[in-house]
Amino acid sequence: MNEVSFHTFRADAALAIANPHLQSAVDGATLKFRDDRLRALADLPDVEAMRDHFKAIRAATLANLSEHLEQFERQALAAGAHVHWARDAAEATQIVIGIARQHGARLAVKAKSMTSEEIHLNAALHDAGITPIETDLGEWIVQLAAETPAHIVVPALHKTRQQVAELFTREVGRPLSADDIPALTEEARRALREKFLAAEIGISGANIGVAETGSIVLVTNEGNGRMVSSVPPVHVAVMGVEKVCPTWDDAAVWLELLARSSTGQPLSVYTTAITGPARDGDADGPRELHIVLYDGGRSSILGTGYEEVLQCIRCGACLNHCPVYQEIAGQTYGHAYSGPIGAVLVPLLHGLEQYEALPHASSLCGACLEVCPARIDLPRMLLDLRAEEVARGVIAPPEQAIEKSAAWLLGHRRLFGLLLDTGRIFQRPLVSKDGLRVPRRLNPAGDRRLPTLAPRSFHALWDELATEEEAALEAIPVKRAARKPSRGRIAALIGASVVPLVVLWHLLRRRGGRR
Amino acid sequence: MSTAREEILAALRGRERGGMPLPAPWRSRQQFDDLAARFTATLTGLHGEVIRAASAEEALDRLGDVLRDLGTARVVVNDEPLLAGVDLAARWPGIAWHVVGRTEGDLRAFCAGADAGVTGADAALAETGSVVVSSGPGRSRMVSLLPPVHIALVAAGCLTSDILTWAAARPGDLPASVTAISGPSKTADIEQTLAIGMHGPKRVIVILYGES
């Protein structure tokens, strides 16, 4: 299992920031998704009301989750599916391996599934002597490179066409050119088609489980979800318990928002509802369908202040709109779930101690909340997690000491003013036209700018303003109360004076947190 | 049943908030003047193709045109009512046909080697340019999946506004597999460059016939 300490997080972030290909790939993909999302959502009448409605569906589902899951199970069983329950990753992988062994499977084809990434299913299958083949093109590339996904929707975002050509060349045993992306795709189609036809078992996740009919819904653009659920004789779907949805009316709202929020498509190319295995008389389809309902720590989030995070439908919109994700990309998060949703969900599933840096991977700008189809308040939860880290002593004592001193200092106006005056003198050698030069050690990528201390402090400006107002008031005989400086002006002044301090404070904090 | 099941459900019951009824179903607010026009515009934008035909008989003529233009030699077809009375081999000689559920032989192998697959549709969604196909007797999932071209014969009368209206009017007993297909299979996983035809068909041709 990974560990993302402040130290490893910063080192990985620096690597990502210094990688020009990764930077342009992430910018390109996320900006395109953002534009397409806006266009796709604009096509829905009353889309904001629809999002409110969707949030209400998700909240109501979680409020009675056990009931909906039991209904889902009942209906899935009635349709002829096998339903399994797994408390943790070990149980879930054992169930899948057991089914594979029962059918003598040596080769498993897998559709893209974040849950299977979460439980490290590939490694477990491999250890059990079963070869898992990822069939989503991006996931396959990542698998061939023995890496982890850079994005929950576009996993191989970080790979160049040259790298892909090299990987495929090794795989097919023939030299392939990097110049022709459609030709590379065609090679993958051919190689993976053989696997689909040869595999004894197909494995997928489930985007939605519809309780009313016991159906699972699979959404893909490439068609791998259809392949793994149609061609092999056995289909296993691993679904997080929070993905259940009461009715088809509700699932339709979910589907209206999912692809639009994710890739900006009206629907993904293939939206498949699977209700049990092939029926008697059906032309084809799997003889057996197994659904693994996976908890993996979700039940412990229910009923806490973080319950909302279980409303997530893994669309990736929060990644695409996050300024921090855009700089550091997926791998830096050290888990299959990255971006703002990963920063909240991963520490909750696997422990704050283990993923201490993730709640800090945010500027708290609020974009994730604004774009989330379920309006999950990720910024609030990021702050709550940070507060919990302090309470639980996850934050290192030196950093806590620095923060406490800063708080104390800010409460002592005269001393603080004195320090500012001193700072104004000592900053002189560091002043450049872009602001303060930041020492290399604190500025690994070389693009960090720190504003200079203002020539006059807020307090000094305030005093001046008050004097001016005083003079003006004496000249005009009106009620004094009405002539106080406007709130807007005060806010602007506070902002102008406090921002440099906060930046300085942050830099100190980052040093303090280093271990 | 299993301990895991009981433990998970007990944990959920112990923690869930209860109350909070589901909101009344959201009903579609889309209002398309012309479902066929919207369907055609959307699917065309998604790299699909739409051919209009005035009647079922004309749809078969158009199907013949498409098969001829594609130069198909092997075609797999679902056992659709529209084609039930048609002697395929007589009408289109020179093509090896496999009719699902009627023709002997390995369906999967035939699909994997076919030049085109022909299906009907249970519904079509105007908003998203989707064709809804189902599994069943005489209806293979692979016909619309394995061959490089998928030709769907869609009666304009089965057009509905969107997935919300589809869900509201869905069949009470769902078939084992129902898929909404919105254009050809695609990917942009290598350098965000669009490539059509990843695993599924590279072309989706809808022959939309009759009045909507």
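Which residues of β9(A) are buried on one side, and which on the other? The points below take this up within a predicted model.

1. **The strand in question.** Both faces of β9(A) are covered. On one side sit A:Y270, A:T272 and A:I274. On the other are A:T271 and A:A273. Each of these is buried. A residue counts as buried when 20 or more other C-beta atoms lie within 10 Å of its own. By that cut-off 5 of the 5 residues of β9(A) are buried, so the strand is largely enclosed by the rest of the structure.

2. **Its partner within chain A.** Strand β6 (residues 215-220) of chain A runs antiparallel to β9(A). The two are joined by 5 bridges. One pairing to check by eye: A:T220 has A:Y270 as its bridge partner in β9(A).

3. **Its partner across the interface.** Strand β9 (residues 270-274) of chain A also pairs with β9 (residues 177-181) of chain B. Again there are 5 bridges, and the strands run antiparallel. A:T272 has B:T179 as its bridge partner in β9(B). A:I274 stands opposite B:S177.

4. On the chain A side, 76 residues are in contact with 67 residues of chain B. Helix α3 (residues 47-63) of chain A gives the most to the side that touches chain B, with 8 residues. By class, that side of chain A has 41 nonpolar, 21 polar and 14 charged residues.

5. **Chain A overall.** Chain A has 22 helices and 12 strands. Its C-alpha atoms fill a box of roughly 95 × 55 × 45 Å along the principal axes. Of its 515 residues, 47% count as buried. Among contacts in chain A with a separation of 6 or more, 74% come from residues 24 or more positions apart.

Conventions. Residues are numbered from 1 along each chain as its sequence is written. Chains are lettered from A and ligands numbered from 1 in the order in which they are written. This is a predicted model: local features need pLDDT of at least 70, side-chain atom pairs count only at pLDDT 80 or more; totals for chains, interfaces and linings use all residues. Helices (H or I, at least four residues) and strands (E, at least two) are DSSP runs, numbered from the N terminus. A residue is buried if 20 or more other C-beta atoms lie within 10 Å of its own, exposed if 12 or fewer, and partly exposed in between; C-beta atoms are placed from the backbone. Two residues are in contact if their C-beta atoms, placed from the backbone, lie within 7 Å. Ala, Val, Leu, Ile, Met, Phe, Trp, Tyr, Cys and Pro count as nonpolar, Asp, Glu, Lys and Arg as charged, and the others, Gly among them, as polar. Two strands pair if DSSP finds at least two bridges between them.
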